[in-house]
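Let's take a walk through this structure together. Keep the sequence handy and turn the model around as you read.

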Amino acid sequence: MKRIFVFACVILLFAFVSDDVFKQLHKLSGTWVMKTEKGTINELWDIENDNLMTGASFFVTKDTMVMEKMTLRKEGNDIFYIPTVEGQNNNQPVRFKLLKFNKNTFIFENKSHDFPQRIIYRFVNNDSIVARIEGEVKGKKKFQDYFYSRSK
């Protein structure tokens, strides 16, 4: 009986932790902007409900091009970052599972994906984030950082 109680407590603890972590990701809500020499990259996030956030990334020059559509989804005790990039992966979504997190950094991973294998969001402060994609290509480590500021 004691083991059942302990097991039930552990299950409840994981459920509360994943709820709290997903609510921390709500800080992404809004519009994020990164200016480059060729134009501006915008990343927009909306909170749909307690278990779902949707986003899109746009590259803006003279025209606006959708780069990718993203979903953050809580499924049971797991959280997934799910991007869909037109022209890649047969236009199918790819799932990256949240493996590590703390108050300001969230690391999603899918080791079976070609590139990237990891997607990392780090909150520098309330108005600044660094998004990083990283992994290996032909045995060489590769990464790309995106320095976003919150749009006012």
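Predicted model: local features only at pLDDT ≥ 70, side-chain atom pairs only at ≥ 80, totals over all residues.

Start with glutamine 117, a residue that counts as buried because its relative accessibility is 10%, and buried means under 20%.

Now check what surrounds it. Leaving aside neighbours within four places in sequence, glutamine 117 is in contact with Phe96, Phe108, Glu109, Asn110, Lys111, Glu134, Gly135 and Glu136.

How does the pLDDT look for the protein chain? The average is 88, and 88% of the residues score at least 70. Residues 5-17 are a stretch to treat with care, as the pLDDT there is below 50. Beyond near neighbours in sequence, that stretch has three contacts in the model.

Strand β1 covers residues 30-35 and strand β2 covers residues 40-49, and the two pair in the antiparallel sense over six bridges. To see the pairing for yourself, find glycine 30 and look across to tryptophan 45 in β2, which stands opposite. β1 and β2 form a hairpin, with four residues between them. In that turn sits glycine 39, with a positive phi of about 160°.

Follow β2 onward and you reach another hairpin, this one formed by β2 and β3 with two residues between them. Strand β3 takes in residues 52-60, and β2 and β3 pair in the antiparallel sense over nine bridges. Here, a pair to look for is isoleucine 47 and, opposite, methionine 53 in β3.

Stay in strand β3 and you'll come to phenylalanine 58. Is phenylalanine 58 buried, exposed or partly exposed? Its relative accessibility is 21%, so phenylalanine 58 counts as partly exposed; the buried label needs a value under 20%.

Phenylalanine 58 also shows how the fold brings separate parts of the chain together. Phenylalanine 58 and glutamate 43 are 15 residues apart along the chain, yet their C-alpha atoms are separated by 6.5 Å. Setting aside neighbours within four places in sequence, the contacts of phenylalanine 58 are Thr40, Ile41, Asn42, Leu44, Thr64, Met65, Val66 and Met67.

Note on methods
Residues numbered from 1 in each chain as written. Heavy atoms only, no water. Pairing = 2+ DSSP bridges. pLDDT = per-residue confidence, 0-100. Contact = heavy atoms within 4.5 Å. Buried < 20%, exposed > 50% of the residue type's maximum accessible area, 1.4 Å probe, protein only.
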